[in-house]
Amino acid sequence: MGAPYTGTGRIGDSALAARLGRELSGQVLFDSASRGRYSTDASIYQIEPIGVVVPDNEADIARAIQIAADEGIPILPRGGGTSQCGQTVGEALIVDVSKNLAGVISLDKENRRVTVQPGIVLDQLNAYLKPHGLYFPVDVSTSSRATIGGMTANNSCGARSIRYGNMVDNVHAVDAILADGSKLHFGQLPDDFQAAHIPARYRDIATPLLDLGRREAAEITARFPEVQRRVGGYNIDALVPDVGSQNLAHLLVGSEGTLAFSTAIELDLAPIPSNKILGICHFPDFYAAMDATQHIVKLDPTAVELVDRTMIDLAREIEIFRPTIERFVRGAPAALLLVEFAGEDCDEQLTKMARLVELMGDLGFPGAVVEATDPGFQSAVWEVRKSGLNIMMSMKGDGKPISFIEDCAVRLEDLAEYTDRLTKVFHKHGTEGTWYAHASVGCLHVRPVVNLKDPDGAVKMRAMAEEAFEMVREYKGSHSGEHGDGLVRSEFHLPMFGQRMVDNFAEVKQILDPKGLFNPGKIVAPPKMDDRRLFRFKPDYRTEEFETGLDWSAWGGFGRAVEMCNNNGACRNLNLASVMCPSFKVTGDEAHLTRGRANLLRLGLSGQLGQDALHSEAMADALSLCVGCKGCKRECPVGVDMAAMKIEVQYQRTKRNGISLHDRLVAYLPRYAPWAARLAPLLNLRDQVPGLAWLSEKLFGFTARRPLPKWRRDVFAPNQNAFGPVDGPEVVLFADTFNATFETENLTAAIDVLTAAGRRVHIAQDPTNDRRLCCGRTYLSAGLVDQARAEMTRTVEALSPFIARGLPILGLEPSCLLTLRDELLSVLPGAASEALAKNAMLLEEYLAAEHAASRLELDLGTAGEVLLHGHCHQKAHQTMSTMTTTLALLPNVEATTVQSSCCGMAGAFGYGAETYETSQAMAEAALLPAVRAAASRTTLVANGTSCRQQIKHGSGREAVHIVRVLQKALK
């Protein structure tokens, strides 16, 4: 049984925070919102920390350790915070190295080694190594946010461990700080280390550790299972003479930050394989897939990964994965095995693939292999597999597939029987398990669906854990095969390894950390894994009920939608090709991350941040840099839609507090724009007369450092309701406020292009008055949901006659048109809105679809070189491919897409005095450098009006809507 959980009594200690603030140069975060954000990881647990330090450098780490020792409080190293077993939560001083200690220290290409800081993310490291033809081969599925420090602490493995092994096989040395402040280099010990020239403190540690290895050699051999995937406990087998490497760095690997604080990690690298091929093996039943694995591994694959039926079905429901699933899944298999072959010789890999096809036929499954030779196709398939956990967690409702026995590993000859027996255990407890991952090494990630809000959920969890681990012992397997021990499995070291081995682990802890400073309660002296006081959903967990502005019924309410965030950290992706999360990419702060915001919302809704937390300044601050890009809705594997959640919170706040003059001017732009246009010369003086921009910043909150869009009197006001041939295919053009007011030439160009294509173009108008139709976007940005609903109702009613005839509703501005496909359905749910959403298309979507159907005839000239920037909402709705397809209609066009996140303007965000700096930082991350590097002859294309404004302001160059390019190319 685990030890009872006890606290420190120092949570939020103001005197401690003040001392840290005086003596450290990094951030010191002791407020309740910050503590709440760091109280969870990707596990089922939630423990409020004492406080958080984000060090600037190694000196900050050393000083924080010294202060913690002086104050008698524990300290917890943390990287990406994506641990699944609770390793990175605890009542301790959390030290987050992911922001500022994330660089490469040195690269030794000749010996294929690199030394890095602990906070560097695996994908960032491999991006650095790629030009050198090298990579770090421990390829965990969370590579976009997994830090090397965290991977080292967990002894991570990855899909290709059958070829490359675990972290312990790939870590050469570690520099670390001990609890007493000693800074030591842990690595391979010399044969006669007692006579070697090494620091006395290092010798003092090494001597008793090697004594333990010699003394316990027989016990270690008897107790440690002979499977590759054993990461439970400490790696004391590294201390055994003639068995282990006697590399003390390997003892730190897998120690979960309980022994020392790593500051530099030296890794062994591998050459990037020149050729890869992927075979997707289909099986009619799960047992057959498990039984076949032992035969497939004999073909020398680099990976054999499982995808089960549940995962296939759930992935089909996720927009980002659906096209890939449809491409590589044939029929309705019960299970898939993804079998990869990789190496330098292409013919050799093709030969292995042929043998796989032959083997599947011999096993009774002829024609059951889909071969993927295209690298892009392979990457898409692997992306589905890498998102396995998050796909599973996309289940709506209180029951979730949870991590507690997901890491067991057994021999391949036992795999089929083990999985069959464990499935029966799940059925006995009235639930099902989802299976995926590392079939090649007998380590399948299985997660029974359990409702931990229900008191019976914890009871079921423990019962299933005990039965599963008993079964694993019977098969001489490992109960902890990749994700570590943490809070969820450390308790089971006693039944798995025996008392003597548990005592050995405690002895190691005593040698390196005698006062128990580092990350207590993990591996040694753990609490009970089912102590509900440690759960995210504690015994008294309840969420506040209130009338919402948006429809959250698909999730069972706003609270459950917020709870969809499982802290997997996909939003920490620093790759500029991903949209999510632009504010985090700039600040590196947990506060400005989709996960951080969702955590704060959940804590606020459940009363854990005090009364009226939803209306607090801390909540407003957390959402202040959310630009509403919708990247999270598409890229978050569980579909957390922070843009919609921000609208909901703003709606609740505006109902109580009203809105600022700045927000009112933004929100009501569609109402006053036609009148303001008449005063264009007067209003444009703001950016012409010295001092007026400064005054507008003080009065209205619009930054003086950026000009506002220029008003013009020639607004879009056509003198007829339709254009083009009367008998041509009919379309409806939705004239949004921005193009109709500030860039009327875009709407004129759209009419020219559509009529040139033989279309009859109707201009969408309100038949009851002269007011322009509106999507409601600006009102939603200020939380004015009721006003947006009124505008949407008017628009739906005006467009209904066209929709009834099946006419496409075409728009130019992505943020406006796509509102009719997205927010409309939650602001104004119903059949009429669904019909409009189905018919609403961006102009380029329509042209691409008509071209694909051979219904488009446009006589176009070339446009030369084009640099294309996509609006965030285009990316979120996966419409960017239609931009490139439409540009390809132009002969000899050379189009390149900027790999970037948000441009930073995001509607009015870039005009705000308080958000201008962040806006510019977002633009400078990728977009503006690419624009400046483009040749003067290159045409810049950006369909978002705010994107065009940002490009002009930041580079001095003009970008145009794609329709202007098409118009210019018309013959």
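**Helix and sheet packing in a predicted model**

In helix α23, Arg597, Leu600, Leu601 and Gly604 meet Ala618, Met619, Ala622 and Leu623 of helix α24; contact means heavy atoms within 4.5 Å. Those contact residues divide into six nonpolar, one polar and one charged. Here Ala, Val, Leu, Ile, Met, Phe, Trp, Tyr, Cys and Pro count as nonpolar, Asp, Glu, Lys and Arg as charged, and the others, Gly among them, as polar.

This is a predicted model, in which local features need pLDDT of at least 70 and side-chain atom pairs count only at pLDDT 80 or more, while totals for chains, interfaces and linings use all residues. Residues are numbered from 1 along each chain as its sequence is written, and side-chain values use heavy atoms, with hydrogens and water left out.

**The helix pair**

- Helix α23 spans residues 594-605 and helix α24 spans residues 617-624. Helices (H or I, at least four residues) and strands (E, at least two) are DSSP runs, numbered from the N terminus.
- The two pack at an angle of about 155 degrees, with their axes 10 Å apart. Axes are lines fitted to C-alpha atoms, for helices over the stretch in contact, and angles run from 0 to 180 degrees between N-to-C directions.
- α23 and α24 are therefore roughly antiparallel (angles over 145 degrees).
- α23 passes α24 in a left-handed crossing, meaning the near helix is turned anticlockwise from the far one by less than a right angle.

**Around strand β2**

- Strand β2 (residues 51-54) is covered on both faces. Gly51 and Val53 are buried on one side, Val52 and Val54 on the other; buried means under 20% relative accessible area (1.4 Å probe, protein chains only).
- Strand β1 (residues 27-29) runs antiparallel to β2, joined by three bridges. Two strands pair if DSSP finds at least two bridges between them.
- β2 also pairs with strand β4 (residues 93-96), in the parallel sense, over three bridges.
- Val52 is the bridge partner of Leu29 and stands opposite Ile94 in β4.

**The five-stranded sheet**

- Five strands form an open sheet with mixed pairing, in the order β19-β21-β20-β22-β23.
- β19 (722-723) and β23 (840-842) each have a single partner strand, so one side of each is left without a neighbour in the sheet.
- Helix α32 (residues 744-756) packs on the sheet and touches β19, β20, β21 and β22 (809-811). Its direction makes about 170 degrees with that of β20.
- Strands β20 (residues 730-734) and β21 (residues 760-763) run parallel, joined by four bridges. Leu733 stands opposite Ile763 in β21.
- Helix α38 (residues 843-852) lies across β20, β22 and β23, at about 90 degrees to β23.

Key
Parallel < 35°, antiparallel > 145°, perpendicular 65-115°, else oblique. Buried < 20%, exposed > 50% of the residue type's maximum accessible area, 1.4 Å probe, protein only.
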